[in-house]
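This report describes a single protein model for a reader working from coordinates. Please look at the sequence and the structure below before reading on.

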Amino acid sequence: MKRLLGKRYRVAATAARATLRALLCLVLLGGALGCTGFAEEARSERGPAGDAAETAQRLYDSMEIVFRRETAGIDIALEERLMLISHYEEVDSDRRRRFVGRVVPIGRGGMGVKIRAEYQNEEYADDGEGELIWRDESREAVEEEAAPEELRMARMVERVYHGGTE
């Protein structure tokens, strides 16, 4: 029971869970809106739902062209999810990265791309057997290195989308 301005209020557990769910949804929505992309250009082509699907497909096709040209190749292509994952490529002798790209909605009907670089280090396993394994690096540790590459790739997708060379 809480006292607020001299009055007593009871907060049920279900109400607290609903509030937490709403806050989580707002955080996730904020993350989606803050992704790398070019919403203004794609937003101008907004129209009926068919146009949005066509724009999303064109963005996916443009992203596929860039991934084939700029990465070690495409490992996973999920066209129904508008998502591509590249093969890992060597960065250093014991470090590698891959790119994950998605077509995402961006505020007021716009579309954009979100490209993330994921890095891994080769390390010895903690199980005491001395086996080498790949461990993911935290986003915070690679943010400064990854951000320029992610932006470069997103801009290349933008150029291809607007009729640039393949």
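The text covers the overall fold, the nonpolar core, and then the surroundings of a few residues.

This is a predicted model, in which local features need pLDDT of at least 70 and side-chain atom pairs count only at pLDDT 80 or more, while totals for chains, interfaces and linings use all residues. Residues are numbered from 1 along each chain as its sequence is written, and side-chain values use heavy atoms, with hydrogens and water left out.

**Overall fold**

The protein has four helices and eight strands, taken as DSSP runs numbered from the N terminus (helices H or I, at least four residues; strands E, at least two). From the N terminus, the order of elements is β-β-α-α-α-β-β-β-β-β-β-α. The exposed surface comes to about 10700 Å², with carbon and sulfur atoms supplying 51% of it; areas come from the Shrake-Rupley method with a 1.4 Å probe, and for residues only the protein chains shown count as cover. Contact means heavy atoms within 4.5 Å. Among contacts between residues at least 6 apart in sequence, 47% join residues at least 24 apart.

**Nonpolar core**

In soluble globular proteins, nonpolar side chains tend to be buried together. A nonpolar core is here a set of buried Ala, Val, Leu, Ile, Met, Phe, Trp, Tyr and Cys residues joined through side-chain atoms within 4.5 Å. The largest one has 24 residues, of which Met63, Phe67, Val103, Val113 and Ile115 touch the most other members. At least two residues each come from helix 3 (49-70), strand 6 (95-106), strand 7 and helix 4 (139-161). Helix 4 gives the largest share, eight residues.

Beyond its neighbours within four places in sequence, Met63 contacts residues including Leu82, Leu84, Val103, Val113, Ile115 and Val157. Leu82 lies in the loop between strand 3 (74-78) and strand 4 (83-86). Leu82 has a positive phi of about 55 degrees although it is not a glycine. Leu82 counts as buried because its relative accessible area is 17%.

Arg96 lies in strand 6, and Tyr119 in strand 7 (residues 110-124). The C-alpha atoms of Arg96 and Asn121, 25 residues apart in sequence, are 6.7 Å apart.

Tyr119 is at 2% relative accessibility and therefore counts as buried. Its C-alpha atom is 8.8 Å from that of Tyr88, 31 residues away along the chain. Glu89, found in strand 5 (residues 89-92), is buried at a relative accessible area of 17%. Glu89 touches, among others, Thr71, Ala72, Arg95 and Phe99.

Two side-chain polar contacts are tabulated; such a contact is a pair of N or O atoms within 3.5 Å, where within protein one must be able to donate a hydrogen and the other to accept it, and residues adjacent in sequence count only if both atoms are side-chain atoms.

| Side chains | Distance |
|---|---|
| Arg96 and Gln120 | 2.7 Å |
| Tyr119 and Arg97 | 3.4 Å |

**Charges over rings**

A charge sits over a ring if NZ of Lys or CZ of Arg is within 6 Å of the ring centre and within 35 degrees of the ring normal. Arg96 lies over the face of Tyr88, 3.9 Å from the ring centre. The charged end of Arg58 sits over the ring of Tyr161, at 4.3 Å from its centre.

Conventions
Buried means under 20% relative accessible area, exposed over 50%, partly exposed in between (1.4 Å probe, protein chains only).
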